[in-house]
Protein chains: 2
Amino acid sequence: MSFSQNDLSEFAAFADRLADAARAESLTRFRKGAMIFNKAGPWFDPVTDADREAERALRRMIESVYPKHAILGEEFGEKQGDSPWRWVLDPVDGTRAFMCGTTSWTTLIALEYEGAPVFGLIDQPFTEERWTGWAGKTRYARASETLEVKTSGLKDIAKARLSTTDPLPTGYFSDAEAAAFARVAKAARVARFSLDAYAYSLLAHGEIDIVIESALQRHDYAALLPVVEGAGGVVTNWQGDPPGTDEKGELIAAATPELHAAALALLAG
Amino acid sequence: MSFSQNDLSEFAAFADRLADAARAESLTRFRKGAMIFNKAGPWFDPVTDADREAERALRRMIESVYPKHAILGEEFGEKQGDSPWRWVLDPVDGTRAFMCGTTSWTTLIALEYEGAPVFGLIDQPFTEERWTGWAGKTRYARASETLEVKTSGLKDIAKARLSTTDPLPTGYFSDAEAAAFARVAKAARVARFSLDAYAYSLLAHGEIDIVIESALQRHDYAALLPVVEGAGGVVTNWQGDPPGTDEKGELIAAATPELHAAALALLAG
């Protein structure tokens, strides 16, 4: 059994509807900081709320339209299916961004065929930006603007714009991982932090050249692969193997194979 | 000699026109990453270009409408005036954000009266967000939405959302400053990095509670003071004195006097 371009085209249109539904749940709960802190009484957590309500809405839509498809979501775990297709959902990636009012949190939607991500979507509701990768291309949509995007094509690490969500060993990185990241940062031109999955869309867009992270789970990265690869980028774990083949959740994405190889060598020490 | 609310109201309307003009210069040069790196030939620098062209446009407008006013700009230095008023301009604050395609770079416009900032504007052209602080209030405008904003009102540092542009001693911070920041980060709930002046607008908006930075110059922070203070926040240097009274360019902004005092104590060690 296999699938056609037509199948993917149908699923991509459906994923757009999923992302629209997630926007409605997340955006209405965004930037309620004053509400969180000024109110007396029990803790009010708009992030968890947005995450749960959005995932509920997405699961209902998938179960209604594709009842045989499997679903893996961050909040409500796995639903077994009776087909080679599985949807992987992270309705609000970047919880800390969401709770600090910054606009790097995103909705991540992936579709896997026999375990391999063949469609990925990254959506930022506040800026109304959406990147979708499938069939070897990555498309960007914002309001009436749509375009196909490519990575920067950069090969020289000395010019590279690097990103990770938290460079400190007090965050996701172990001490050894933080030291490995610092070696790449020293070789690169500039580093930006705290971008979560938004960094991968900027890599696909040609604006960031390398993203290095750790401790990622399937729902954190499944959608990123088609988006980065469709734009000409490379994504592996820190050993150069497919993401998910180790238990550390280490990931490196780069604009070109040359840049990827240079960064991998620095990570190895 | 002094000034009236009517003067400020007129200057605020004029500053909106300045910010609109800066948008036109910066936004057209934003996210040209592929252009920077893919082209052969001489280095192409859209950031510097945006900065210079925007400042030229702003200076022309000020000189035409208020020829006696003094001007201090990041790119073209100081123009002496013949009045108590001085405009302080940073057309693209957050150069590294701009060159990495992230949306935390801003245009900063301040108006000082006898050396004290009495009007401040922070504008993010891509998200179309603008914060203005004057006459004891801070206003937020985005498309048709306008509202008066307040800080979170948070007093408990254990719940605080903290930000700095770069937490590493390889960035703006000295080793001692990075260690001082780490003490505050350990006490706070969550930290976000790489936000530049945008962090101060989020503080005024009630979404971030503390911002701590160093190595700031007058054009980096003059506009931030009226925006943060108009929303009920506190801004000083790390000794609790007015910003600019030391040579290090250290700044701390907090949602409340209580939170400010708690963070100052941790910075002191």
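Colleague: What area do chain B and chain A bury between them, and what percentage of it is on carbon and sulfur atoms?

Modeller: The size of an interface is often given as the accessible area lost when the parts come together. In this predicted model, chain B and chain A bury about 3,800 Å² between them, with 58% of that area on carbon and sulfur atoms, and the contact draws on 45 residues from chain B and 46 residues from chain A.

Colleague: How many salt bridges and polar contacts are counted between chain B and chain A?

Modeller: The count is 4 salt bridges, alongside 15 residue pairs in polar contact, both residues being at pLDDT 80 or more. Arg192(B), for instance, forms a salt bridge with Asp196(A), where the closest N and O atoms are 3.1 Å apart. Among the elements that give two or more residues to the side of chain B that touches chain A are helix H2 (33-38), strand E10 (190-193) and helix H6 (198-204) of chain B.

Colleague: What rotation and what shift superpose chain B on chain A?

Modeller: Two copies of a chain are related by a rotation about an axis and a shift along it. Here a rotation of 180 degrees, with 0.0 Å of shift along its axis, superposes chain B on chain A at an RMSD of 0.0 Å, which is the relation of a two-fold axis. Of the interface residues of chain B, 100% are also interface residues in chain A, so the copies meet through the same surface.

Conventions: Residues numbered from 1 in each chain as written. Chains lettered and ligands numbered in written order. Predicted model: local features only at pLDDT ≥ 70, side-chain atom pairs only at ≥ 80, totals over all residues. Heavy atoms only, no water. Least-squares fit on C-alpha atoms with pLDDT ≥ 70 in both. Contact = heavy atoms within 4.5 Å. Buried area = accessible area lost by both parts, 1.4 Å probe. Salt bridge = Lys/Arg side-chain N within 4 Å of Asp/Glu carboxyl O. Polar contact = N/O pair within 3.5 Å; in protein donor to acceptor, adjacent residues only side chain to side chain. Helix = DSSP H or I, 4+ residues; strand = E, 2+ residues; numbered from the N terminus.
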